[in-house]
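Please look at the sequence and the structure before we discuss them.

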Amino acid sequence: MSVLATFKKVNLITQKCYFLAGEVLKSLNKFYKRKEIQRLGADNGLDARLFHQAFISFRKYIMESSSVSADLHIILNDICCDAGHVDDLFPFFLRHAKQIFPMLDCMDDLRKISDLRLPPNWYPEARAIQRKIIFHAGPTNSGKTYHAIQRFLSAKSGIYCGPLKLLAHEIFQKSNHANVPCDLVTGEERVYANEDARQATHIACTIEMCSTNTPYEVAVIDEIQMIRDPARGWAWTRALLGLCAEEIHVCGEAAAIELVTELMYTTGEEVEVRNYERLTPLTVLDYALESLDNLRPGDCIVCFSKNDIYSVSRQIEARGLECAVIYGSLPPGTKLEQAKKFNDPDDPCKILVATDAIGMGLNLCIKRIIFNSIIKPTINEKGEKEIDLITTSQALQISGRAGRYGSSFKQGEVTTMHRDDLAQLKEILSEPVRPVKAAGLHPTAEQIEMFAYHLPDATLSNLIDIFVSLSQVDGLYFVCNIDDFKFLADMIQHIPLNLRSRYVFCTAPLNRKEPFVCTTLLKFARQFSRNEPLTFDWLCRHTKWPLAPPKNIKELVHLEAVHDVFDLYLWLSYRFMDMFPDAVLVRDIQKKLDDIIQIGVCNITRLIRASQSTAASGARRVKSLKAYRSAARREDLKTHGRGSLADRLLREGLLTQEMLRQLESEWQVQHRNGRYGPSSKRDDQNSSKETGKKKK
């Protein structure tokens with residue numbers, strides 16, 4: 001056969017292959033779009049997302065693999081020749097899908113485990129008793145929580161569940177001052193009322209820490225509207241459904257009454273509602289502040305970002321006024337000290353600048369709330385950041401802090417910094433609070449362990465993804481956002497840990513936007529995996545303790561991150577006592593760090609000035625250096641023209657005469673040996689011509 005004939009035959013075969021590949025691709029796409037196939041996929045556990053992923057993998061396998069089975073080849077050939085139907089591909093597709101998604105083989109079991117439609121059944125101890133539910137409904141400063149706490153104090157045994165450490169600490173102190181022994185339980189701390197560490201009859205705790213196995217006479221669940229919180233709502237759901245108490249006193253916004261009533265209907269328990277009115281009048285002013293020159297004693301400016309806090313506080317002190325500062329990432333001790341300073345009638349500090357952290361947990365003597373802005377960044381149910389107007393609930397919660405009952409101000413006032421925001425604020429405050437529609441749920445460690453039994457090779461992050469995708473909830477519930485959990489799961493995935501320990505590390509309360517804290521958690525997990533205890537000395541080395549008072553805002557932010565690291569250590573120490581053995585020592589230095597941070601916050605305007613002057617001087621230095629270099633280049637060009645590359649490198653100090661001689665010597669050797677090739681010789685000749693022209 002001639003070469004030409006061979007070439008034609010190869011070309012024909014190639015064209016035929018391209019034709020067949022195109023036909024196969026068309027058939028696969030037709031298979032993917034068929035509703036019957038999608039329904040069959042759903043019946044076999046492939047939801048829309050999994051079906052799409054499985055198809056992409058199946059198509060790639062057919063189009064690119066050289067090991068497609070003979071029976072699949074025959075089916076594809078029949079389809080391309082119109083002797084078969086695309087539906088015949090389904091058994092092969094399903095077999096491939098099960099290889100990449102092993103859970104399809106045990107889908108029935110996984111669906112049972114992730115069935116979240118009957119949460120009341122998770123708490124048999126609570127279902128075994130008939131509980132009395134009392135809902136104390138009312139706005140901020142209406143006395144609703146006060147009445148619930150009075151019943152808590154008069155009971156033989158009780159538990160208070162609050163959203164913040166500050167609130168738990170306040171009830172702990174109130175109870176013990178009233179001669180009712182009460183323990184404090186938070187994620188990072190256990191304080192016993194009895195010296196012999198015997199458990200007291202009363203407990204004040206953060207809501208995540210409440211026990212659903214211990215019987216009480218009275219339980220108080222504070223801020224029940226947070227049952228809708230995208231991240232923490234599950235804790236309120238668990239407390240409401242699971243606490244073993246004869247009386248459950250629920251406190252919060254009236255917007256949650258309907259949901260709580262419906263949830264209790266599913267448990268067979270009735271809800272008694274007690275409504276409360278605000279104890280002091282609250283007036284929305286008809287004028288905005290417009291200028292910080294119009295500030296008065298008892299004013300609180302509410303900002304929704306740290307940068308605004310820094311800016312406003314500096315402007316206030318530039319006017320010769322002292323101000324206290326409170327924001328979310330400050331340690332609880334520092335917040336209390338700043339609140340104490342503002343509340344003290346003998347202290348010259350009469351202005352407060354704060355974020356919405358003042359909305360709960362602090363008793364403040366505020367006369368007037370001033371919204372610096374009515375726009376706030378939030379995280380939605382999908383974990384996405386949004387910037388939107390504050391809600392009616394948020395506006396009421398913050399505004400309600402003005403004119404607290406029992407303070408020196410008998411009525412409260414609220415306004416805005418800017419005139420344009422005032423009409424909008426009035427509209428927000430006049431709207432009814434949107435009803436709370438659903439309660440949060442979160443997969444438990446036991447549920448994830450059962451998933452892992454069926455899917456031993458899946459990562460924790462994948463297990464959570466699969467659980468959420470398969471979970472079934474009814475209309476009264478939603479699955480809480482798990483992005484933070486997954487972020488930590490992915491971060492420590494490469495570290496060898498058993499599943500229960502891994503789960504605990506991933507539920508650690510930390511802000512994933514703080515790199516220092518996240519890095520420390522990674523180091524904690526690595527040390528833990530080696531079975532090496534994390535000692536006080538190790539922690540001091542890592543955090544460079546002892547630390548000095550901050551000289552600028554950057555250093556203050558770092559100190560706050562170190563405080564969070566100490567919190568993280570203490571939180572882990574109550575879950576792995578043998579591996580985090582020095583909790584007492586760490587708590588001692590955390591108190592010292594709190595004092596150092598307080599010094600920084602008291603001097604916050606000086607820190608802001610230092611930060612701004614450092615930034616300004618740095619900018620000036622960079623600008624001067626750029627100007628100097630630019631001028632030097634211009635002068636150099638004037639004096640020497642562009643010059644050769646060697647001349648310029650010599651002038652700029654990037655090349656010495658010795659280096660230049662060495663380069664020339666090496667180039668000559670390589671040129672003689674012919675290592676440059678024809679193109680290099682041409683370049684060399686052109687270069688010589690150019691040099692000759694310049695010499696002329």
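I shall speak about a helix, a sheet, a pocket and one serine, in that order.

This is a predicted model, in which local features need pLDDT of at least 70 and side-chain atom pairs count only at pLDDT 80 or more, while totals for chains, interfaces and linings use all residues. Residues are numbered from 1 along each chain as its sequence is written, and side-chain values use heavy atoms, with hydrogens and water left out.

Let us begin with helix 4, residues 70-80. Helices (H or I, at least four residues) and strands (E, at least two) are DSSP runs, numbered from the N terminus. Which residues of helix 4 are buried? They are L72, I75, L76, I79 and C80. Buried means under 20% relative accessible area, exposed over 50%, and partly exposed in between, for a 1.4 Å probe and protein chains only. Viewed down the axis of helix 4, the buried residues fall within an arc of 135°, so they line one face of the helix; the arc is that of the directions from the helix axis to the C-beta atoms. In general, an α-helix has 3.6 residues a turn, so residues three or four places apart point the same way. A70 and I74 are exposed, on the face of helix 4 turned away from its buried side. After helix 4 comes D82, with a positive phi, near 60°.

Two strands pair if DSSP finds at least two bridges between them. Strand 6 (residues 215-221) and strand 7 (residues 244-252) run parallel and are joined by 6 bridges. Y216 has A245, in strand 7, as its bridge partner.

Next is the second largest pocket, with about 860 Å³ of space. A pocket is an open set of points on a 1 Å grid over the protein atoms alone, where a 1.4 Å probe fits, with protein on both sides within 12 Å along at least five of seven lines; lining residues have an atom within 4 Å of a point. Of the 37 lining residues, N141, S142, G143, K144 and T145 are the closest to the centre of this pocket. Helix 8 gives the largest share of the lining, 5 residues.

Finally, S407 lies in the loop between helix 14 and strand 16 (412-416). S407 is buried, with a relative accessible area of 4%, and its side chain reaches the backbone oxygen of R404 at 2.8 Å.

Key. Points joined across faces, edges and corners; volume = space filled by probe spheres on them. Polar contact = N/O pair within 3.5 Å; in protein donor to acceptor, adjacent residues only side chain to side chain.
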